[in-house]
Amino acid sequence: MGSYPAAVPVSEDAFVTGELYVIKDDSDFSWAIGQLDDYEGVNVESDEMQLYRRELTDVFINNEITPAWIYWYGGNVSGRPEIVSGDLMEYLQHKE
């Protein structure tokens, strides 16, 4: 999307390589997720466009499946390069 990547859900099996962060103290979750929602443009003013939506999904880590939140991009991605491997860092290395 220019200077930042954007993931969109697809109907076929696909993976996004990323980082999983765990909040160890459950009492910190509401504050932390609120900060992330603000950063990702989930919580918007009435005159702003919501850039992302947060959705619970299954992630694969250490040969196990666990639920985690992902931020899906809500805008138009037509004409943008597709990272077929799902790995942004690999894509950037081969692009240069």
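**View 1. Glu55 and its partner Arg53.** Glu55 is partly exposed at 31% relative accessibility; the class runs between buried (under 20% relative accessible area) and exposed (over 50%), with a 1.4 Å probe and protein chains only. The Glu55 side chain meets that of Arg53 in a salt bridge, 3.4 Å from N to O. A salt bridge here needs a side-chain nitrogen of Lys or Arg within 4 Å of a carboxyl oxygen of Asp or Glu. Arg53 is also partly exposed, with a relative accessible area of 35%. The structure holds 2 salt bridges. The model is predicted: local features need pLDDT of at least 70, side-chain atom pairs count only at pLDDT 80 or more, and totals for chains, interfaces and linings use all residues. Residues are numbered from 1 along each chain as its sequence is written, and side-chain values use heavy atoms, without hydrogens and water.

**View 2. Asp37 and Arg54 across the chain.** The side chains of Arg54 and Asp37 form a salt bridge of 2.9 Å, N to O. The pair links distant parts of the chain, 17 residues apart: Arg54 sits in strand β1 (residues 52-61), Asp37 in helix α1. Helices (H or I, at least four residues) and strands (E, at least two) are DSSP runs, numbered from the N terminus. Asp37 is buried at 6%. Arg54 is partly exposed at 27%. A polar contact of 2.7 Å also joins the side chains of Asp37 and Tyr71. Such a contact is a pair of N or O atoms within 3.5 Å; within protein, one must be able to donate a hydrogen and the other to accept it, and residues adjacent in sequence count only if both atoms are side-chain atoms.

**View 3. The largest nonpolar core.** Ile33, Val42, Tyr52, Tyr71 and Tyr73 make up this core, 5 residues in all. A nonpolar core is a set of buried Ala, Val, Leu, Ile, Met, Phe, Trp, Tyr and Cys residues joined through side-chain atoms within 4.5 Å. Beyond neighbours within four places in sequence, Ile33 contacts Arg54, Trp69 and Tyr71. Contact means heavy atoms within 4.5 Å. With residues up to four places away in sequence left out, Asp37 touches Val42, Asn43, Arg54 and Tyr71.

**View 4. Helix α2 and its cap.** Of the 8 residues of helix α2 (residues 88-95), the number buried is 0, so the helix lies largely in the open. Asp87 caps the N-terminal end of α2. One of its side-chain oxygens lies 3.1 Å from the backbone nitrogen of Met89.
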